[in-house]
Every structure is written in C-alpha cells, then in structure tokens.
Amino acid sequence: MELILYNGIIHTMKDDEIVSALAIDNGLIAASGDDCEIFALKTANTKLVDLQRKLVIPGFNDSHMHILAYGLNKRRLEVGGCKTIQEIISKARAYIEKNQKLKLIIGRGWNQDHLPGRLFPSKQDLDEISREIPLILYRVCGHSAVINTKAMEAFNIDENTMPPLGGSFNFDTGLVCEAALDLFQLPELGHDEIKDILVEAIADMQKKGITSAQSDDFGFAAHEEVIKAYSELAAQGDLGIRIYQQNLFYNIEDIRVFLAKQANFPQLTPFYKLGPIKLLSDGSLGARTAFLSCSYKDDSTNTGIACFTQAELDEIVNYCQENSQAVAIHCIGDAALARALNSIEKAVKSCKARGLHLRHGIVHCQISDLPLLNKLKDLNLLAYIQPIFLDYDIHIVEERVGQELAKTSYNFKTLLDLGVHVSLGTDCPVESFDPLPNIYCAVTRKDLQGFPIEGFNASQALKVHEAVYCYTVGSAYCSQEENFKGQLAKGFLADLAVLDRDIFTISAEEIKDARVVMTIVGGKIVYSV
C-alpha cells in the first residue's frame, strides 16, 4: 500500500458515507473505512498521513472554465476591481511603464456596473492611456471590449466597418461586442508559451483542491496547438490535473474539419481527453448581450445578441449528433436557451443513430422559465452552472430581466429536483476558480458580503452535500467518468482535497473562508501547506 490517510472526516460522496481513513495504491482508492481497518493494510513502505480530523472530499472538478485565459490574464493588464475610469487609466499607465517593449496592450476585467454612473469605458478614455500603442480592454465576461484609436488603426477599423453577424461595433465609443471581437487579429501564442502558461495556471488550481477541469481553451489559441501542448504535458507527467477539453468553434465548417482530423491528434491519456463541441449562442447579462425573449428592462431598445439563427444552430447540432459528438451550448438569456433546446430536440429526434445517447448540455443556464427547465429534464441534458455568478448578478438581474423572469432564473434547486444532471464550475477567469466561495453562493444564495440577508430566491439554495455532489460526482458525469471519478470509493481515482474545516457542519456563512490544505491527484500529494 503506497499511502494511508487516517484520523480524518472523509466524505466519500458514495451516498452519505463518512469514514476516517483511506488506503491508496497505484493511483486508486484501495479501501475506505475506520483507522483500524485501514491500518491493517499497511506495509513497510506505506506513507502515513495523519489528517488531524480535517475534512476530506473528492477533488473538485470545475465543469466549465478557461485555463489558458486565466493564465494569459496573469501576464496581461488586469483591471478587475477598478471602481473608476481614472483607476483603470492609472493602472494601465503603470502597466505600460513596466512593459515598455510591448507593441500591443491587452487587458481584461472592467465592469461598468462597478463604475460611476454605470458608464462603459470609451475609446476616449483609452486614448488617455496611450495614443501610440494599440490597446484592447475586455470586459470581465470577455464578451465585449473597448479599444483605443490606435487599435482601430492597427486593425483597419473605421466608421465604415461592418460588424459580422452576431456582433456589434460602435466607432464613436470603441465598444466591440460578441462576434465583432473577431475584427482583432491577435498574435498567436507560441507552443512553448502555451505550455508555460498552462503549467503556471494548473499549479494555482491545485492550491484550491481542483483535481479535474473541463476547460474551453480553443478561443485563445489555435486548437491544434492547445491539444498538442496539453498532450505533451500529460505524456511527460507534468499536467498535474485531469483535463476534459471543451472544443469551442464558431461555425460548422471548422467543426467538420476538426472532427475529420481527430484521428491525427496525439493519443489521449487519462489526464487529457477531448470532450464536447462548445458553442456560444449569446453573450452575457452584465454586458446586455445575453439574448432575451423580451427587451431588457433597463434598455428597451435591446434584446441582446444571438450568435446563431435557429437554422444555423439546428444545422450545427444536427451535424454533431449525426457524428456522435455531444454539444455544450453557452446560454445566458432565455431566448438563447429556447433556441438551443429546440436544436437539440430536433437533432435527437432526426438522428439516424436513434439509440445513441449523447450527453448534450447547457453551459450557464441562467435566465429561464419553468417550461424551459422542464424541457432540460425531458431532453436529459446536462446543466453546467456557476453559483458564484450570484455574487454579481443578484445586483442586476431584476433590473435586466424584471422580477417575474428573475424568480425562475438561477433555479439550481429546481434543476436538481427535476433530475437534471447538474455540475458546478466557475467560468474562470470571469470569476475566481476557488471552489469554496462557489459553494457558499450555492448554499446561501448571497453575495460574498452576505447580501441579501434572506438570500436571493432562497428556496433555490442547495444543501452543502448537494453542492459538493454536483462539484464532484455531477461534474464527473459530464465527462462520462462517473464510474471511476468523483467518489472516494474502492477502484476510483485517488483524487481528493483536504480542507481546514468541515464545511458540512460549520455555519454556511463560514464556507467561503474555508481553505484547502492538501491536494492529492492520482495518489500523489501535489499541494500541501
């Protein structure tokens, strides 16, 4: 036996089982039970770890995030948390002073709802930062950006530029949204640079108890390079967590090429696998680009942006279904969700391989009504949810969509009660990938400052066990790994997190302050305080 953990509070997530000890061998859970039972398996070479009555749960599996984007942001201009336009300008000027050789400045993180008057930064504001260097500042959601005059010149954008379908561009303000972001021809990342970024990012994730992640990275580098970088790290034993790639594409032609080339990709490993085709059907609620069935309550001229027509989405989803390829469709607005559900329903009914069940899913699944939620159940879909979004969205959702629609949005408990396959993620770098604040929001329905006291739509709160289950077993189901990942049961992967306190018994308010003190992946301690 290689490793024995004892004297712990171990929630195996196999029903309600709690044990005090685990035996780990060859990267797998060999046995679980009380200390005496497990000590009987000790050999001369067994490493013993006294858990000192700390909590152990299966490793967190973030079901939707962007690892490469997170790592890139660490190397770029970060303006998250800025409360004024002047603060953004000052931070950007300081960044340029430290990085004087850069010929293009890319940043991310601003949120107009945190700025005076809730006004978007403008081209004129960015011109105050620099008139010599092209500057692109993405909103925190990544679905819109503001550019300066020099960037317009660099990317040949002027008042006559027409945005592509599914995007918008305002020459006067420099605001670019959704598909129009493709107007920027950004320099591609080098192969070694991608690997370095991934290694740095994953080291940070291990500190938060994340042992698996389902990551959408193709939007930030060429998909061949992303696959090659991950595959090489996995083959070298340097990946550190298990990755299930969500393969983002914007049109059916690129999907056809991708599926045709899959046989030529590097051999996949237990640490790196290709997952569903990721599709963006609309934008974000914060940027008012989420596609709604009615106009925004705080902008009567706007219903958001649909990235596909119904016919276009039908064609893509049907093609994927016919080729045994699951889809994961980004849906924030209720109209986007309705469109995605219609496409999936048509594809499932018309596909020649009628007996084939693909695990199609909806990423975010935010603005909804009860008929839409019931349809998710009827179609047996996955719901990739992000409770941490409540930290910001509870302050704007009623303003954006009205009280009635807000009541049936972010309805996580209803999804669970309906029997929908729910998993938890963070959409990092939109939000932090730290799982504990995410669980706190799921359980309390409050923001990180404890507002509102009674919780937002408190009847939709999850129990701690439900939230952890969705973060472990639920996320494993998304990647078709529920038979060997997500539980600390015999024969399952020895991927686990040790926490400094028992989040199942402490007050809900304290959950966000819990910390991971040890992370184990494949039976190896990859992080320890």
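Student: Which residues does Ala489 touch, not counting residues up to four places away in sequence?

Tutor: Contact means heavy atoms within 4.5 Å. With residues up to four places away in sequence left out, Ala489 touches Lys14 and Ile29. This is a predicted model, where local features need pLDDT of at least 70, side-chain atom pairs count only at pLDDT 80 or more, and totals for chains, interfaces and linings use all residues. Residues are numbered from 1 along each chain as its sequence is written, and side-chain values use heavy atoms, without hydrogens and water.

Student: Where is Ala489 placed, and is Ala489 buried or exposed?

Tutor: Buried means under 20% relative accessible area, exposed over 50%, partly exposed in between (1.4 Å probe, protein chains only). Ala489 counts as buried because its relative accessibility is 5%. Ala489 sits in the loop between α17 (464-478) and β22 (496-499). Helices (H or I, at least four residues) and strands (E, at least two) are DSSP runs, numbered from the N terminus. Ala489 and Met13 are 476 residues apart in sequence, yet 8.3 Å apart in space, C-alpha to C-alpha.

Student: What does Met152 touch?

Tutor: Met152 belongs to helix α5 (residues 149-154). Its relative accessible area is 3%, so Met152 is buried. Not counting residues up to four places away in sequence, Met152 touches Lys123, Ile147, Ile157, Phe169, Phe171 and Gly174.

Student: Which members of the largest nonpolar core touch the most other members?

Tutor: In soluble globular proteins, nonpolar side chains tend to be buried together. A nonpolar core is a set of buried Ala, Val, Leu, Ile, Met, Phe, Trp, Tyr and Cys residues joined through side-chain atoms within 4.5 Å. The largest one here has 113 residues, and Ile67, Leu279, Ile362, Leu376 and Ile503 touch the most other members. Helix α10 gives the largest share of this core, 7 residues. Apart from this core lies another, of 20 residues, among them Ile88 and Leu126.

Student: At what angle do α9 and α10 pack?

Tutor: Axes are lines fitted to C-alpha atoms, for helices over the stretch in contact, and angles run from 0 to 180 degrees between N-to-C directions. Helix α9 (residues 310-322) and helix α10 (residues 334-350) pack at about 40 degrees, with axes 8 Å apart. That makes α9 oblique to α10. Angles under 35 degrees count as roughly parallel, over 145 as roughly antiparallel, 65 to 115 as roughly perpendicular and the rest as oblique.

Student: Which residues make the contact?

Tutor: Among them are Leu313 and Val317 of α9, with Ile344 and Val348 of α10.
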